[in-house]
Amino acid sequence: MAKLGRGIAAMPKWMIERELEVNSLQLILEQYQTFKRPMYLLYKDAEYQPQRIRTFIDFLSNYFAHNDGGTKLPQ
(Lines give C-alpha, C1' and ligand atoms only; values in the text may rest on other atoms or scores of the structure.)
Protein backbone atom coordinates (compact mmCIF):
# COMPACT_ATOMS: atom_id res chain seq x y z
CA MET A 1 0.00 0.00 0.00
CA ALA A 2 2.85 2.39 0.78
CA LYS A 3 4.32 1.92 -2.70
CA LEU A 4 0.91 2.78 -4.16
CA GLY A 5 0.86 6.03 -2.18
CA ARG A 6 -1.93 4.78 0.06
CA GLY A 7 -0.27 4.49 3.44
CA ILE A 8 2.91 4.14 5.43
CA ALA A 9 4.93 1.09 6.39
CA ALA A 10 7.53 0.25 9.02
CA MET A 11 10.15 -1.82 7.24
CA PRO A 12 13.84 -2.60 7.77
CA LYS A 13 15.95 -0.47 5.46
CA TRP A 14 17.66 -3.51 3.95
CA MET A 15 14.29 -4.68 2.63
CA ILE A 16 13.48 -1.43 0.84
CA GLU A 17 16.89 -0.04 -0.14
CA ARG A 18 16.15 -0.30 -3.88
CA GLU A 19 12.83 1.50 -3.48
CA LEU A 20 14.57 4.26 -1.53
CA GLU A 21 17.26 4.59 -4.23
CA VAL A 22 14.69 5.05 -7.03
CA ASN A 23 12.40 7.19 -4.84
CA SER A 24 9.40 4.89 -5.08
CA LEU A 25 9.41 5.08 -1.27
CA GLN A 26 10.67 7.81 1.02
CA LEU A 27 11.59 7.92 4.68
CA ILE A 28 9.26 9.83 6.97
CA LEU A 29 9.00 10.22 10.74
CA GLU A 30 12.77 9.83 11.05
CA GLN A 31 12.71 11.80 14.29
CA TYR A 32 11.15 8.81 16.06
CA GLN A 33 13.34 6.07 17.45
CA THR A 34 12.77 2.65 15.95
CA PHE A 35 12.90 -0.59 17.86
CA LYS A 36 14.17 -4.02 17.00
CA ARG A 37 11.88 -6.99 16.70
CA PRO A 38 12.90 -10.59 17.08
CA MET A 39 13.46 -12.62 13.94
CA TYR A 40 13.01 -16.36 13.84
CA LEU A 41 14.35 -18.93 11.43
CA LEU A 42 12.43 -22.19 11.36
CA TYR A 43 14.01 -25.32 10.01
CA LYS A 44 13.71 -29.04 10.51
CA ASP A 45 16.25 -30.26 13.01
CA ALA A 46 17.27 -33.55 11.49
CA GLU A 47 20.13 -35.97 11.83
CA TYR A 48 21.08 -35.21 8.23
CA GLN A 49 21.05 -31.59 7.16
CA PRO A 50 22.39 -30.51 3.77
CA GLN A 51 25.49 -28.32 4.03
CA ARG A 52 23.80 -25.54 2.03
CA ILE A 53 21.04 -25.32 4.66
CA ARG A 54 23.55 -25.24 7.54
CA THR A 55 25.57 -22.57 5.71
CA PHE A 56 22.47 -20.45 5.17
CA ILE A 57 21.45 -20.75 8.83
CA ASP A 58 24.95 -19.77 9.95
CA PHE A 59 25.03 -16.82 7.53
CA LEU A 60 21.71 -15.41 8.75
CA SER A 61 22.58 -15.94 12.40
CA ASN A 62 25.92 -14.19 11.97
CA TYR A 63 24.54 -11.36 9.83
CA PHE A 64 21.72 -10.39 12.16
CA ALA A 65 23.87 -10.80 15.26
CA HIS A 66 26.43 -8.28 13.93
CA ASN A 67 24.34 -5.78 11.92
CA ASP A 68 21.68 -3.30 12.89
CA GLY A 69 19.50 -4.20 9.91
CA GLY A 70 20.32 -0.96 8.12
CA THR A 71 23.25 -2.25 6.13
CA LYS A 72 23.13 -3.90 2.75
CA LEU A 73 23.05 -7.65 2.42
CA PRO A 74 25.85 -9.07 0.28
CA GLN A 75 24.87 -9.50 -3.37
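These notes go through a predicted model of one protein chain.

1. Overall make-up. The protein chain has 75 residues, and its secondary structure consists of two helices and zero strands. Helix H1 covers residues 13-21, while helix H2 covers 51-66.

2. Burial and surface. Of the residues in the protein chain, 12% count as buried. The accessible surface is about 7300 Å². Carbon and sulfur atoms account for 55% of that surface.

3. Contacts along the sequence. Take the contacts between residues at least 6 apart in sequence. Of these, 36% join residues at least 24 apart.

4. Helix H1. Which residues of this helix are buried? They are Ile16, Glu17 and Glu19.

5. Asparagine 23. This residue comes just after H1, in the loop between H1 and H2. Is asparagine 23 buried or exposed? The relative accessible area is 65%, and exposed means over 50%, so asparagine 23 counts as exposed.

6. Leucine 29. The loop between H1 and H2 also holds leucine 29. Leucine 29 is not a glycine, yet its phi is positive, at about 55°. Its relative accessibility is 47%. Because that value falls between the 20% and 50% cut-offs, leucine 29 is classed as partly exposed.

Notes. Residues are numbered from 1 along each chain as its sequence is written. This is a predicted model: local features need pLDDT of at least 70, side-chain atom pairs count only at pLDDT 80 or more; totals for chains, interfaces and linings use all residues. Side-chain values use heavy atoms; hydrogens and water are left out. Buried means under 20% relative accessible area, exposed over 50%, partly exposed in between (1.4 Å probe, protein chains only). Helices (H or I, at least four residues) and strands (E, at least two) are DSSP runs, numbered from the N terminus. Contact means heavy atoms within 4.5 Å. Accessible areas come from the Shrake-Rupley method with a 1.4 Å probe; for residues, only the protein chains shown count as cover.
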